[in-house]
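Please walk through this protein with me, from its overall layout down to single side chains. Keep the sequence and the 3D view at hand.

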Amino acid sequence: MSNTKNTSQSQSSQEPQDSEDSPPKKEKEADTNRRPTPMEILREARAQLAELTGLVPESVSSFEQTDDGWSLEVEVLELERVPDTMSLMAGYQVDLDGEGQLTGYRRIRRYERGRADARRGGR
């Protein structure tokens with residue numbers, strides 16, 4: 001009979017207990033209903049692009065909210081060279097939905113790190 005007692009004690013000890021670290025259920029529900037902040041969107045976009053392409057984002061040069069969600073231009077290092085000014089960089093347009101989930105991306109330009117953009121409009 002002591003074996004039965006030990007079994008019931010071990011089962012009750014395996015039941016999840018509320019810890020001081022976990023927020024109350026109402027706060028958890030509110031978190032799922034709230035809109036992500038722009039900084040959360042930015043971080044999530046960089047992380048998702050890195051996971052899909054294997055390239056590490058270095059900076060975000062453009063960030064705007066659209067009717068469908070968000071659009072960013074993210075600069076990444078595509079090919080590291082020596083000296084560093086000869087490394088190949090690329091700008092990617094990254095589109096996200098309103099929740100911050102990546103819906104598409106495409107490379108829109110590729111350039112050497114040490115090169116400035118060409119002037120536009122004859123200036």
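The text below goes from the overall layout to the helix, the strands and then some single residues.

This is a predicted model. The protein has three helices and four strands. Read from the N terminus, the order of elements is α-α-α-β-β-β-β. Of the 123 residues in the protein, 24% are buried. Now consider contacts between residues at least 6 apart in sequence. Of these, 38% join residues at least 24 apart.

Start with helix α3, which covers residues 38-53. Its 16 residues should span 22 Å at 1.5 Å a residue. Which residues of α3 are buried? They are Ile41, Leu42, Ala45, Gln48 and Leu49. These residues cover an arc of only 140° around the axis, which means they sit on the same side of α3. An α-helix has 3.6 residues a turn, so residues three or four places apart point the same way. The other side of α3 carries Arg43 and Glu51, which are exposed.

What do the buried residues of α3 pack against? They pack against β1 (57-65), β2, β3 and β4. Just after α3 comes glycine 54, with a positive phi of about 80°.

Next come the strands. β2 and β3 run antiparallel and are joined by 10 bridges. β3 and β4 form a hairpin, and four residues lie between them. In the turn, glycine 100 has a positive phi of about 95°.

Is β3 largely enclosed or largely open? Seven of its 10 residues are buried, so β3 is largely enclosed by the rest of the structure.

Aromatic rings come next. There are two aromatic pairs. Phenylalanine 63 and tryptophan 70 form a stacked pair, 5.1 Å centre to centre, with 5° between the planes. Phenylalanine 63 has 29% relative accessibility, so it counts as partly exposed. Tryptophan 70 has 8%, so it counts as buried. Tyrosine 92 and tyrosine 105 form a tilted pair. Their ring centres are 6.0 Å apart, and the angle between the planes is 50°. Tyrosine 92 lies in β3 (residues 88-97) and tyrosine 105 in β4 (residues 102-112), so this pair ties together parts that are 13 residues apart in sequence. Tyrosine 92 counts as buried because its relative accessibility is 9%. Tyrosine 105 counts as partly exposed because its value is 37%.

Now look at glutamate 73, which lies in strand β2 (residues 69-79). Is glutamate 73 buried or exposed? Its relative accessibility is 17%, so it counts as buried. The cut-off for buried is under 20%. The side chain of glutamate 73 makes a polar contact of 3.2 Å with the side chain of arginine 109. Leaving out residues up to four places away in sequence, glutamate 73 touches Ser59, Val60, Ser61, Ser62, Gly91, Tyr92, Ile108 and Arg109. Tyr92 in that list is one of the two tyrosines in the tilted pair.

Finish with aspartate 95, in strand β3. Its relative accessible area is 27%, so aspartate 95 is partly exposed. Its side chain makes a polar contact of 3.3 Å with the side chain of glutamine 93. Beyond four places in sequence, aspartate 95 touches Trp70, Ser71, Gln101, Leu102, Thr103 and Gly104. Trp70 is the tryptophan of the stacked pair. How far is the C-alpha atom of aspartate 95 from that of tyrosine 105? The two C-alpha atoms are separated by 6.0 Å, and the residues are 10 apart along the chain.

How values were computed. Residues are numbered from 1 along each chain as its sequence is written. This is a predicted model: local features need pLDDT of at least 70, side-chain atom pairs count only at pLDDT 80 or more; totals for chains, interfaces and linings use all residues. Side-chain values use heavy atoms; hydrogens and water are left out. Helices (H or I, at least four residues) and strands (E, at least two) are DSSP runs, numbered from the N terminus. Buried means under 20% relative accessible area, exposed over 50%, partly exposed in between (1.4 Å probe, protein chains only). A polar contact is a pair of N or O atoms within 3.5 Å; within protein, one must be able to donate a hydrogen and the other to accept it, and residues adjacent in sequence count only if both atoms are side-chain atoms. Contact means heavy atoms within 4.5 Å. Rings of Phe, Tyr and Trp (its six-membered ring) pair if their centres lie within 6.5 Å; planes under 30 degrees apart count as stacked, over 60 as edge-to-face and the rest as tilted. Two strands pair if DSSP finds at least two bridges between them. The expected span of a helix is 1.5 Å times one less than its number of residues. The arc is that of the directions from the helix axis to the C-beta atoms.
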